[in-house]
Amino acid sequence: MSSIIQLLPDHVANQIAAGEVVQRPASVVKELLENAVDANATDIKLIIKDAGKSLVQVIDNGKGMSVTDARLCFERHATSKIRQAEDLFSLATKGFRGEALASIAAIAHMEMKTKQDQDELGTHIIIEGSKFVSQEVAVLPKGTSFAVKNLFFNIPARRNFLKSDTVEFRHVMDEFQRVALAHPNIHFTFYHNGSEMYNLPAAGYRQRIVGIMSGKTNEKLVPVNEDTEIINVQGFVCKPEFAKKNRGEQFFFVNDRFIKSGYLHHAVMAAYDGLLKDGSQPSYFLYLQVPPNTIDINIHPTKTEIKFDDEQALYAILRASIKHSLGQFNVAPVLDFDRDANLDTPYHYKDLEAETPTIQVDGTFNPFTDDKTNQHYSKASSGSGSGSGFSSGSSSSSVSSYSGYSKRVEPTASWESLYVGLDLDNAESIESSPFTFENEEVTSSLFNDDEVEQAGQKTYQIHKKYIVSPIKSGMVIVDQQRAHQRILYEQFLLNMTVNQASSQQLLFPLDLFYSSAEMELIEELKPSLETTGFIFEAAKSDHIVISGIPVNITESEVSLVIEQLLSDLQDGIPASSYSQNDTIAKSMAKSLAVKTGSYLTEKEQDNLVNGLFACKDPNISPFQKPTFITMRVEDIDKKFAL
Ligand code: ADP
Ligand code: MG
């Protein structure tokens with residue numbers, strides 16, 4: 001038989017390699033930015049059009065290339081960064097494979113201009129699908145500019161695979177942020193379709209993080225600093241109360257390279273143990289420096305995963321240093337009830353002078369009457385115990401640990417006093433969440449009115465989770481959370497489609513701050529959100545001003561609702577307006593629905609059951625889970641027959 005093996009022509013090999021290196025415009029952004037950083041640039045501009053699909057351009061003021069290098073850099077395995085295999089173990093550069101430019105040139109139209117400082121003239125090269133179209137001498141500033149146009153022009157299948165501009169833009173944004181966060185000493189600017197997304201002057205870590213995230217980030221950050229022989233940790237973690245719903249703001253950099261590590265993430269989460277609400281995610285920006293020979297960054301083609309020699313030690317150091325920082329900045333005690341308060345180091349009070357105790361005299365106090373006002377007064381003062389003498393008044397709870405009091409005494413220790421003068425009925429309605437339904441009068445589509453038994457109380461709540469109600473054929477058990485989700489979902493969807501939701505005007509407009517990636521999403525969602533009843537007064541570069549909100553939301557729920565929404569839309573905004581509305585309605589229903597564990601008054605239970613059966617689709621929640629089950633009398637009889 002004749003031999004059949006052939007070597008692939010270079011341009012085919014390059015196209016295949018490109019599949020590994022270049023998945024989407026963001027991959028080009030990453031490679032070009034990293035090359036600019038490796039060229040020691042102090043100023044880097046990123047310019048993209050149509051989320052990078054039609055143009056990705058990176059202009060740097062780095063060291064540039066000679067005429068020969070300018071030509072060579074497009075060859076596969078052409079790199080100036082390593083010479084021998086050993087160099088892999090002392091890498092100080094981002095690149096080293098020498099594949100990126102060859103790969104990109106194989107699948108796009110590329111134009112490069114480059115000049116070294118010492119040269120009079122530079123080189124201007126045009127290359128399309130691996131073919132050199134032209135090479136000229138040109139008058140150029142020092143540095144290099146790469147423009148990559150029409151990505152995947154020769155591989156339509158790959159081009160068609162690209163997601164919407166919103167999604168692709170988000171990926172570009174992610175890559176840009178990672179590189180810009182890793183190199184605060186470089187001035188970065190970023191333009192999308194002609195508008196400036198970022199202009200980040202050279203700065204320190206904190207300023208860079210704030211510049212990238214949003215104006216309000218600064219106050220949320222707690223510094224972390226730890227220097228040991230095997231690792232140096234610097235950076236910031238966020239205070240637990242600012243933890244978010246999604247994992248969008250979690251960054252590890254190892255030797256100035258963004259990496260992903262489930263293991264190190266776990267170490268951070270362990271440091272927050274007991275401090276976070278269920279499922280919430282702390283933001284962190286952690287910069288680790290380790291000796292280059294103790295890591296292997298070669299295990300992943302796009303190099304976001306690395307292997308450490310001594311993972312366990314890193315884990316322990318990371319966890320301890322973050323725990324220490326959180327403790328030092330006095331953010332630990334909030335939810336950690338089991339700790340001994342004597343162990344708290346009251347740094348917070350370190351430089352404060354002790355205040356002279358003040359004595360409050362109740363002028364109206366009359367020891368001979370035993371009315372409720374007096375009772376209130378004496379209870380409150382005995383409740384805060386020795387702490388109250390130390391500070392004057394309100395902050396007694398946090399001070400109690402300082403004055404050697406071994407148990408934390410919350411002001412609510414005398415909680416009864418809060419209710420003095422209120423009758424019990426009122427007290428109860430304070431506790432439970434005040435939700436009501438607009439459509440109180442409903443005709444149940446599932447059960448006729450007369451089927452529901454009329455006598456006395458019709459619903460019972462069990463385990464703060466289910467509502468049980470007798471019906472003629474037996475009983476119905478409603479899952480309160482899912483039922484409420486269904487009701488809210490249909491309400492929102494209806495409002496959005498008929499476009500006449502009512503709003504409540506806010507007395508003081510709400511200012512909410514977001515990162516620019518989130519702002520992009522919000523911009524896009526604005527029209528749909530407005531149909532639910534939101535009124536946006538303005539959308540600035542890093543925050544929105546809300547002056548009106550839907551009637552079924554309280555002011556304090558707004559940021560939660562929007563955050564949930566952003567997190568639900570991580571994977572992109574649906575293209576059709578119907579599914580966009582659907583997603584928003586689902587997300588808002590999820591955030592706002594009464595949760596398992598909430599106590600409902602009889603009236604609320606009633607509204608919930610009626611509201612559910614007035615829905616178009618009462619059987620399932622918006623997330624396709626059953627909302628209720630029924631039990632026929634016969635079924636119950638059967639159980640007793642045993
Ligand atoms: P790698 O970065 O892995 O070396 P690339 O294909 O990304 O491979 O780049 C090939 C070579 O081209 C680099 O090693 C570098 O010498 C040169 N180069 C690429 N971009 C620049 C730039 N912006 N400035 C100067 N030299 C560059
Ligand atoms: Mg490179």
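How many salt bridges does a search of the whole structure find? I ran that search and noted 15 salt bridges, where the term stands for a side-chain nitrogen of Lys or Arg within 4 Å of a carboxyl oxygen of Asp or Glu.

**Ground rules.** I am working from a predicted model, in which local features need pLDDT of at least 70 and side-chain atom pairs count only at pLDDT 80 or more, while totals for chains, interfaces and linings use all residues. I number residues from 1 along each chain as its sequence is written, letter chains from A and number ligands from 1 in the order in which they are written, and take side-chain values from heavy atoms, with hydrogens and water left out.

**Entry 1, Glu168 and Arg24.** I looked up this pair and found their side chains in a salt bridge, 3.0 Å from N to O. Glu168 lies in helix α6 (residues 165-182) and Arg24 in the loop between α1 (10-21) and α2 (25-38), so the pair ties together parts that are 144 residues apart in sequence. For helices I used DSSP runs of H or I with at least four residues, and for strands runs of E with at least two, numbered from the N terminus. I also noted that Glu168 is buried, at a relative accessible area of 0%; buried means under 20%, exposed over 50%, and partly exposed in between, with a 1.4 Å probe and protein chains only.

I found the side chain of Arg632 in a salt bridge with Glu634 at 3.2 Å, N to O, and in another with Asp635 at 3.3 Å, N to O. Arg632 is partly exposed at 41% relative accessibility, as are Glu634 at 40% and Asp635 at 24%. I then noted a network in which salt bridges with shared partners join Lys244, Glu249 and Glu518.

I listed the surroundings of ligand 1 and counted 19 residues, the closest being Asn35, Thr79, Ser80, Lys81 and Gly98, with a residue taken as near if one of its heavy atoms lies within 4 Å. By class, this shell has eight nonpolar, seven polar and four charged residues. A polar side-chain atom of Ser80 lies 2.5 Å from an oxygen atom of the ligand, and a nitrogen atom of ligand 1 is 2.9 Å from an N or O atom in the side chain of Asp60. I recorded that the protein covers 94% of the 530 Å² of accessible area that ligand 1 has on its own, by the Shrake-Rupley method with a 1.4 Å probe.

Technical notes
A polar contact is a pair of N or O atoms within 3.5 Å; within protein, one must be able to donate a hydrogen and the other to accept it, and residues adjacent in sequence count only if both atoms are side-chain atoms. Ala, Val, Leu, Ile, Met, Phe, Trp, Tyr, Cys and Pro count as nonpolar, Asp, Glu, Lys and Arg as charged, and the others, Gly among them, as polar.
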